[in-house]
Amino acid sequence: MSISILAICYIIASVTYILGLKMLSHPATARKGNLIAAGGMTLAIAATIFLYTNDGKPLGNFGWIFTAMTIGLVLGWLIAKKVKMTAMPELVSFFNGMGGACAALIAIVEFDYMYRANLNTPDIAFSSVAHFGHYLAIIAGSIIGSTSFSGSMIAWGKLNGSIKDVSFKGQHFLNLIVLVLVFGFAVYTWFSPAGHANIPFFITVFLALVYGVAFVQPIGGADMPVVISLLNSFTGVAAACDGFLYNNKAMLTGGILVGAAGSLLTILMCRAMNRSLKNVLIGSFGGTKASAKAGPATQKAIKEISLSDAAMVLAYAKKVMIVPGYGLAVAQAQHSVHDLEKLLVERGVDVKYAIHPVAGRMPGHMNVLLAEADVDYDKLLEMETANDEFKTTDVVLVLGANDVVNPAAKNDPGSPIYGMPVLNVEEANMVIVNKRSMKPGYAGIENELFYSRKTSMLFGDAKKVLQELISQIKEI
Amino acid sequence: MEAISSFLQQNLDMIYVVILMIFLGFEIINRVPSVLHTPLMSGANAIHGVVIIGAIIIMGKAESDNYLALILGFIAVVLGTLNVVGGFVVTDRMLEMFKKKKQKS
């Protein structure tokens with residue numbers, strides 16, 4: 001009887017995942033969808049603890065299980081609540097890595113059971129004593145889980161800045177060799193004597209960890225969202241492999257669902273940046289690919305604007321558009337920008353935000369960031385709407401954005417970002433660009449916008465600059 | 001070859017589930033606005049935390065002298081819980097902000 005209740009709980013859980021994901025893809029229902037999926041997950045976990053039976057025996061070691069769950073609960077809750085909104089992308093990567101590691105550990109323990117069950121026949125090949133389906137699930141779960149774990153950790157490190165982009169010639173070839181070795185050892189484990197199958201198995205796991213590092217390492221920081229989404233779907237598949245092992249439909253459906261949805265999401269993200277997945281994965285976008293055309297040398301002079309002039313221009317403009325970018329997120333300037341906006345609105349200026357879908361390091365990054373500072377939802381314009389409005393805009397204030405306002409995407413076919421939809425800020429009367437320095441953005445290419453006659457540069461940290469602008473405008 | 005065909009035979013229902021889920025996964029999130037890419041990814045991230053069920057099973061069935069299973073299982077449960085709890089809480093935090101905006105406007 002308890003088995004069938006468990007099965008019903010799992011069915012309900014699977015339905016909540018499907019509903020949850022579906023609702024998550026519409027703005028109005030997204031939050032409810034998340035809660036529904038969380039509810040289903042709680043049900044599945046509770047049902048497993050109390051109703052699952054292994055060969056007719058209920059589960060034991062409750063003390064251990066609850067201790068571990070409490071540790072995970074408290075840690076997870078604290079980390080998720082404390083971390084700043086700007087660090088969300090790397091946090092997703094971190095949690096994804098935890099899931100990958102969990103999947104890999106399960107597969108490793110199950111391998112250990114399988115290995116020990118066959119120790120009494122140490123000289124017979126593993127393939128003739130072990131169950132093929134189980135081995136397949138174990139090896140796939142451990143390889144994918146390990147790769148996802150190490151890859152996510154690298155992505156996490158790259159996003160919080162502790163790991164730098166390193167790429168060298170022949171790196172992709174080396175990665176391919178590691179991948180072939182992973183598969184080679186996986187097959188070798190299957191055919192090796194049952195008494196010694198553990199050594200090639202652990203080599204396989206180790207190489208999978210190495211592969212995760214090697215796979216993510218050459219990919220530039222700006223492409224991390226795509227990589228995290230891909231690793232996310234990997235972890236889903238690893239979870240599904242473990243589900244297969246236990247004949248557990250809740251794990252199988254949840255894992256495969258995330259695997260499939262994650263892959264599609266990865267492709268959608270690439271499409272939003274107008275790049276192919278292949279280009280992201282082996283493009284190694286890291287400053288090496290300068291624009292084919294260096295741009296006309298005569299235009300290479302930039303014009304700086306002083307804070308007081310900038311304040312004056314903004315205060316007396318009729319219509320101002322703010323283009324936020326990653327620089328704003330780094331400087332934690334979302335509240336300052338909201339203050340500036342309020343101040344300008346009080347003075348009768350029409351202030352809007354132009355949000356490029358991939359500004360920042362994650363699609364939707366800017367929406368989340370500005371939402372944190374209570375910026376009105378109505379003031380956030382999507383790219384198409386914003387592009388219609390630039391023509392009638394007096395001043396565009398670009399805050400730490402670069403590639404998303406680069407006109408090279410429209411008129412330089414040799415540029416690596418050619419074809420990416422961008423914000424047409426150059427159509428406005430005047431553009432003020434706030435940056436920390438003249439360093440190129442993540443795509444590692446020059447931006448001719450900065451040399452345009454319409455553009456004035458305002459160097460400095462976004463938060464400091466905004467605060468000074470605010471005090472200057474107040475004095476006017 | 002024989003191993004593969006018997007594998008297919010034994011797991012036919014699982015294979016059906018897998019194939020249907022793949023199509024469902026694709027269908028569900030088609031046409032998602034780009035603003036929701038990050039929360040959706042985060043939500044999906046939380047859902048694959050279902051792997052914790054496997055970790056609980058590992059822990060729950062381990063004999064008291066099987067230290068490898070106990071230790072690795074313990075770590076797996078901690079990590080799995082982190083994934084589930086962290087994933088859902090982070091997603092909720094992201095979406096909370098969108099929601100607040102909506103009501104205001």
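**Figure 1. Pairing of β4(A) with β5(A).** Strand β4 (residues 350-355) of chain A pairs with β5(A) in the parallel sense over three bridges. Two strands count as paired if DSSP finds at least two bridges between them. Strands (E, at least two residues) and helices (H or I, at least four) are DSSP runs, numbered from the N terminus. Across this pair, Tyr353(A) stands opposite Leu380(A) in β5(A). The model is predicted: local features need pLDDT of at least 70 and side-chain atom pairs count only at pLDDT 80 or more, while totals for chains, interfaces and linings use all residues. Residues are numbered from 1 along each chain as its sequence is written, and chains are lettered from A and ligands numbered from 1 in the order in which they are written.

**Figure 2. The open sheet of chain A.** Six strands of chain A form this sheet in the order β5-β4-β3-β6-β7-β8, and the pairing is parallel. Its edge strands, β5 (380-382) and β8 (455-459) of chain A, each pair on one side only. From one strand to the next, the twist averages 25°.

**Figure 3. Strand β6(A) and its two partners.** Strand β6 (residues 395-399) of chain A is mostly covered, with five of its five residues buried. A residue is buried if 20 or more other C-beta atoms lie within 10 Å of its own, exposed if 12 or fewer, and partly exposed in between, with C-beta atoms placed from the backbone. In a regular strand the side chains alternate between the two faces of the sheet. Here Val395(A), Leu397(A) and Leu399(A) point one way from β6(A), and Val396(A) and Val398(A) point the other way. Strand β3 (residues 319-324) of chain A pairs with β6(A) in the parallel sense over five bridges, and Val323(A) has Val398(A) as its bridge partner in β6(A). Strand β7 (residues 430-435) of chain A also pairs with β6(A) in the parallel sense over five bridges. There, the bridge partner of Leu399(A) is Asn434(A) in β7(A).

**Figure 4. Crossing of α6(A) and α8(A).** The axes of helix α6 (residues 132-159) of chain A and α8(A) come within 7 Å and cross at roughly 35°. Axes are lines fitted to C-alpha atoms, for helices over the stretch in contact, and angles run from 0 to 180 degrees between N-to-C directions. The crossing is right-handed, a term for a near helix turned clockwise from the far one by less than a right angle, left-handed being anticlockwise. Residues making the contact include Ser146(A), Phe149(A) and Gly151(A) of α6(A) and Ala208(A), Tyr211(A) and Gly212(A) of α8(A). Contact between two residues requires their C-beta atoms, placed from the backbone, to lie within 7 Å. By class, the residues of this contact are twelve nonpolar, eight polar and no charged. Ala, Val, Leu, Ile, Met, Phe, Trp, Tyr, Cys and Pro count as nonpolar, Asp, Glu, Lys and Arg as charged, and the others, Gly among them, as polar.

**Figure 5. The side of chain B that touches chain A.** In all, 81 residues of chain B are in contact with 94 residues of chain A. Helices α1 (2-10), α2 (12-29), α3 (37-47), α4 (52-61) and α5 (67-104) of chain B each supply at least two residues of this side. The most comes from α5(B), with 35 residues. This side of chain B divides into 51 nonpolar, 21 polar and nine charged residues. Helix α4(B) is mostly covered, ten of its ten residues being buried; among them are Ile52(B), Gly54(B), Met59(B) and Lys61(B).

**Figure 6. Confidence along chain A.** The mean pLDDT (the predictor's confidence in each residue, from 0 to 100) of chain A is 85, and 93% of its residues reach 70 or more. Over residues 285-299 of chain A, pLDDT stays under 50, and the model has 28 contacts beyond four places in sequence for them.
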